[in-house]
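Biologist: Could we go through this model together? I would like to discuss its helices, its disulfides and its pocket.

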Amino acid sequence: MAMTRVHNVLMLVLLLLNTACNAQLISTFYDSSCPNALSTIRTSIRNSIARERRMAASLIRLHFHDCFVQGCDASVLLDETSTIESEKTALPNFQSARGYDIIEKAKAEVEKTCPGVVSCADILAVAAKEASSYVGGPSWTVLLGRRDSTTASRTLANTELPSFKEGLDSLISRFQSKGLGARDMVALSGSHTIGQAQCFTFRDRIYNNGTDIDAGFASTRRRSCPAAGLGGDANLAALDLVTPNSFDNNYFKNLMQKKGLLESDQVLFSGGSTDSIVSEYSRSPATFSADFASAMVKMGNIDPLTGTAGQIRRICTAVN
């Protein structure tokens, strides 16, 4: 009997530990512990985007680049140390990922009233939603309760983040490995309705005279992106030439006209399995908005640290 009681106690402890480590994210996570968390983050993020509208795209991208590497754990925010190989220096992030300081600023504001309570990972998730809604995009209920990692992985950032030259099958496979379907992938790609890309990421596409690009569009883009060897690698061009500062469905209309800026954009409408999704989104902005919001919630749920895993960092760039 005594052994049975001990066994039952051990099983209960293991069950509680397992529950703590696999707790579900919920929208009301900070209602008691930090009731002003969401409004504080919202104000900070919106003030930053008001000063530079392009930051909206950068913050959405930063959340995406976080979640695809080790899950949504704010690993992308960690600086280099003797024991941490920062993801900031991985090729997909180096000199292109932005908004680290904006997240840090929001974190500092929250810390003033609720020290050690709100994770950087959750701030990234809330920032992405606020960024979308500020520029006319969809809003959604952010699920909360993520904790911050104590590790980062430059290697995973280099291998698991999509490339601007990636083909359709590879992209679909990459997203499926994260629990996201082809429709989620196309919807999330629609965030390219805002933001800009550097010349080196689309130079090959506009100079290769391929049949998958509108000739006039290519000619226009060449004006600010010199041919290889002539410099201008960091010159910027809007991902959506028509409405670059508004979150709308024009991105998909561009793809149907062979005016996608990146190769990884245009492959979504190039005779493949996602053509019908692009066409649907081009006709129905409401469908795109709903699917984008849904996909962002799903993406934000990729392998979060919860319960007692990880930590709540005091600053987002370093472990406690």
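Biologist: What should I know about the source of the model and its numbering?

Modeller: This is a predicted model, in which local features need pLDDT of at least 70 and side-chain atom pairs count only at pLDDT 80 or more, while totals for chains, interfaces and linings use all residues. Residues are numbered from 1 along each chain as its sequence is written, and side-chain values use heavy atoms, with hydrogens and water left out.

Biologist: How many disulfides does the count come to?

Modeller: The count comes to four disulfides, where a disulfide is a pair of cysteine sulfur atoms within 2.5 Å. With bonded cysteines counted along the chain, the pattern is 1-4, 2-3, 5-8, 6-7.

Biologist: Which cysteine is joined to cysteine 67?

Modeller: Cysteine 72 is the partner of cysteine 67, at an S to S distance of 2.0 Å. Their link is right-handed, with 120° about the S-S bond. Cysteine 67 and cysteine 72 are both buried, meaning under 20% relative accessible area, as against over 50% for exposed and in between for partly exposed (1.4 Å probe, protein chains only).

Biologist: And cysteine 120 with cysteine 316: right-handed or left-handed?

Modeller: The link of cysteine 120 and cysteine 316 is left-handed, with -95° about the S-S bond. Cysteine 120 lies in helix H5 and cysteine 316 in the segment after H14, so the pair ties together parts that are 196 residues apart in sequence. Helices (H or I, at least four residues) and strands (E, at least two) are DSSP runs, numbered from the N terminus. The sulfur atoms of cysteine 120 and cysteine 316 are 2.2 Å apart, and both cysteines are buried.

Biologist: Where do cysteine 199 and cysteine 225 lie?

Modeller: A disulfide joins cysteine 199 to cysteine 225, with S to S 1.9 Å. The pair links distant parts of the chain, 26 residues apart: cysteine 199 is in helix H9 (residues 199–207) and cysteine 225 in the loop between helix H10 (215–222) and strand S2 (236–238). Cysteine 199 has a relative accessible area of 0%, and the value for cysteine 225 is also 0%.

Biologist: Turning to the largest pocket, what is its volume?

Modeller: The largest pocket has a volume of about 1100 Å³. Of its 43 lining residues, Arg61, His65, Pro92, His192 and Leu262 are the closest to its centre. On a 1 Å grid over the protein atoms alone, a pocket is an open set of points where a 1.4 Å probe fits, with protein on both sides within 12 Å along at least five of seven lines, and lining residues have an atom within 4 Å of a point. The volume is the space filled by probe spheres set on the points, which are joined across faces, edges and corners.

Biologist: Which helix gives the most to that lining?

Modeller: H3 gives the most, with seven residues.

Biologist: Why is helix H8 described as largely enclosed?

Modeller: Six of the eight residues of H8 (residues 182–189) are buried, so the helix is largely enclosed by the rest of the structure. Among what covers these buried residues are helix H7 (168–176) and helix H11 (250–256), contact meaning heavy atoms within 4.5 Å.

Biologist: And what do the buried residues of H4 pack against?

Modeller: They pack against helix H2 (37–51), helix H3 (55–67) and helix H5 (120–134). The buried residues of H4 (residues 100–113) include Tyr100, Ile103 and Val110.
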